[in-house]
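Have it open while you read, and check each point against the picture.

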Amino acid sequence: MSTTTKVVLGFTDGVEHELLVQPGHSVLDAALEGEVPILFQCRTGSCGSCLARLVEGKAEHRSGLAVSLLPGEREQGYRLLCATEPKGECRFSVAYDSAAGAGRPIEAKCFVNAVERIANDVIRFELELAEGYSMDFRPGQFIQIKVPGTEVVRSYSMATMASDLPRIELLIRILPGGIMSGWLENQAKPDDVVEIRGPYGQFFLKEKVREPHIMIAGGTGLAPMLSMLAALRRVPGRKPKTILSFGCQSPEGLFALDQLDLHQQWSPTLQVRIAVDRGTPPAGVQVGNPVEALTPADGLTPDSVAYLCGPPGMIAAARAHLEALGLAPGNIFAEQFVASN
Ligand code: FES
């Protein structure tokens with residue numbers, strides 16, 4: 001008699017995969033064994049990349065494992081597949097199509113093209129994928145970089161698109177005492193070699209959605225939005241209404257304003273709102289926060305789709321605000337970053 005458990009994984013394009021999960025194995029283990037295109041990264045329950053929703057049956061996270069899910073998310077059926085064992089036949093759905101996970105993460109070498117300070121605490125870091133490597137990614141995904149001379153790994157979202165490869169642009173917040181920050185400020189120079197891994201993450205543009213797209217970015221959380229805006233510009237036919245609300249702590253922290261201005265000129269359906277917490281803002285920038293810049297007058301619908309990228313406090317406030325404005329919780333996607341030294 002078989003001791004395996006049947007699990008079905010459903011993708012947004014209607015594709016379904018049936019897995020047989022061995023006792024003691026996670027749903028992700030079985031998916032990878034069966035070459036099912038599931039997104040993942042850490043395999044330890046900490047990164048959130050393998051998020052799925054349990055829609056039928058019973059499945060729980062392994063006991064004693066600390067997973068990065070809020071209790072409320074667990075109650076809504078969300079599970080991290082790398083930490084989940086089925087308790088009988090069950091079915092999960094993921095919030096992306098079956099092509100998204102088809103390109104597996106790669107390990108590659110890159111050359112440093114440029115290291116440029118563009119705000120008081122932000123560096124534009126431009127890399128070039130070395131010859132012989134090929135990578136694909138969706139607008140909004142991230143890569144990991146090993147800080148040269150260490151075993152320390154940091155994650156950053158691409159501000160460019162896959163079609164810009166071999167060029168990759170990252171926006172990196174400089175933290176006092178940060179290991180990557182110290183290397184960037186004191187040692188990094190053109191033609192240095194860095195090791196990268198990726199792409200990773202479920203946070204990417206839903207290009208087929210024609211309802212309004214809302215983007216809320218705090219600080220360097222702007223990077224994935226720049227990649228998404230560039231991709232939206234190339235969507236054929238009518239572009240969805242898009243509102244980008246970008247906030248920084250002070251006027252000295254602002255960056256990429258010319259780029260945002262160009263995006264507005266290219267895309268008549270794009271509105272950009274910029275805010276700083278304090279200080280005297282330049283023309284066109286408000287004092288306030290990027291979350292409150294969205295109001296009932298924006299006419300958001302439950303089917304509008306929102307992308308949030310920034311610190312945890314901003315993500316929580318934005319989620320609550322957008323739900324109050326009528327967005328369906330399942331249409332709000334977030335990538336939160338936590339400062340690490
Ligand atoms: S792969 Fe990171 S939480 Fe599952």
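The points below go from the ground rules to the domains, the sheets, the helices and a few backbone details.

1. Ground rules. This is a predicted model, so read it with its cut-offs in mind: local features need pLDDT of at least 70, side-chain atom pairs count only at pLDDT 80 or more, and totals for chains, interfaces and linings use all residues. Residues are numbered from 1 along each chain as its sequence is written, and side-chain values use heavy atoms, with hydrogens and water left out.

2. Domains. The chain is assigned domain 1 (5-93), domain 2 (106-200) and domain 3 (213-336); such bounds come from an automatic or database domain assignment. Taken over C-alpha atoms, the centres of domain 1 and domain 3 are 31 Å apart.

3. The antiparallel sheet. Look for six strands in an open sheet, ordered E11-E10-E13-E8-E9-E12, with antiparallel pairing. Helices (H or I, at least four residues) and strands (E, at least two) are DSSP runs numbered from the N terminus, and two strands pair if DSSP finds at least two bridges between them. The edges are strand E11 (153-157) and strand E12 (167-173); each has a single partner strand, so one side of each has no neighbour in the sheet. From one strand to the next, the twist averages 40°. For this and other angles, axes are lines fitted to C-alpha atoms, for helices over the stretch in contact, and angles run from 0 to 180 degrees between N-to-C directions.

4. Bridges around E13. Strand E8 (residues 106-119) and strand E13 (residues 193-200) pair in the antiparallel sense over six bridges. Ile106 has Gly198 in E13 as its bridge partner, and Phe111 is opposite Val193 in E13. E13 also pairs with E10, again antiparallel, over four bridges; there Phe142 sits opposite Tyr200 in E13.

5. The E10-E11 hairpin. E10 and E11 pair in the antiparallel sense over five bridges, with Arg154 in E11 as the bridge partner of Ile145. The two strands form a hairpin with six residues between them, and Gly149 in the turn has a positive phi of about 80°.

6. The parallel sheet. A second question for the picture: in what order do the strands of the open sheet with parallel pairing run? The order of its six strands is E17-E16-E15-E14-E18-E19. Strand E17 (285-287) and strand E19 (332-336) are the edge strands, each pairing on one side only. Direction ignored, neighbouring strands here are turned by 15° against each other on average. Strand E14 (residues 213-218) and strand E15 (residues 242-248) pair in the parallel sense over six bridges, and Gly218 is opposite Gly247 in E15.

7. Helices on that sheet. H4 packs on the sheet and touches E14, E15, strand E16 (270-276) and strand E18 (305-310), with its direction at about 150° to that of E14. Contact means heavy atoms within 4.5 Å. H5 packs on the sheet too, touching E15 and E16, and its direction makes about 155° with that of E16.

8. H4 against H5. The axes of helix H4 (residues 222-233) and helix H5 (residues 257-266) come within 11 Å and cross at roughly 25°. That makes H4 roughly parallel to H5 (angles under 35 degrees count as roughly parallel, over 145 as roughly antiparallel, 65 to 115 as roughly perpendicular and the rest as oblique). On the H4 side, Leu222, Leu226, Leu229, Ala230 and Arg233 meet Gln259, Leu260, His263 and Trp266 in H5. By class, this contact has six nonpolar, two polar and one charged residues (Ala, Val, Leu, Ile, Met, Phe, Trp, Tyr, Cys and Pro count as nonpolar, Asp, Glu, Lys and Arg as charged, and the others, Gly among them, as polar).

9. Leu165 and Pro166 are joined by a cis peptide bond with omega about 15°; Pro166 is in the loop between E11 and E12. The bond from Gly198 to Pro199 is cis as well, with omega near 5°, and Pro199 lies in strand E13. Finally, Glu35 is not a glycine but has a positive phi of about 55°; look for Glu35 in the loop between helix H1 (27-33) and strand E3 (51-56).
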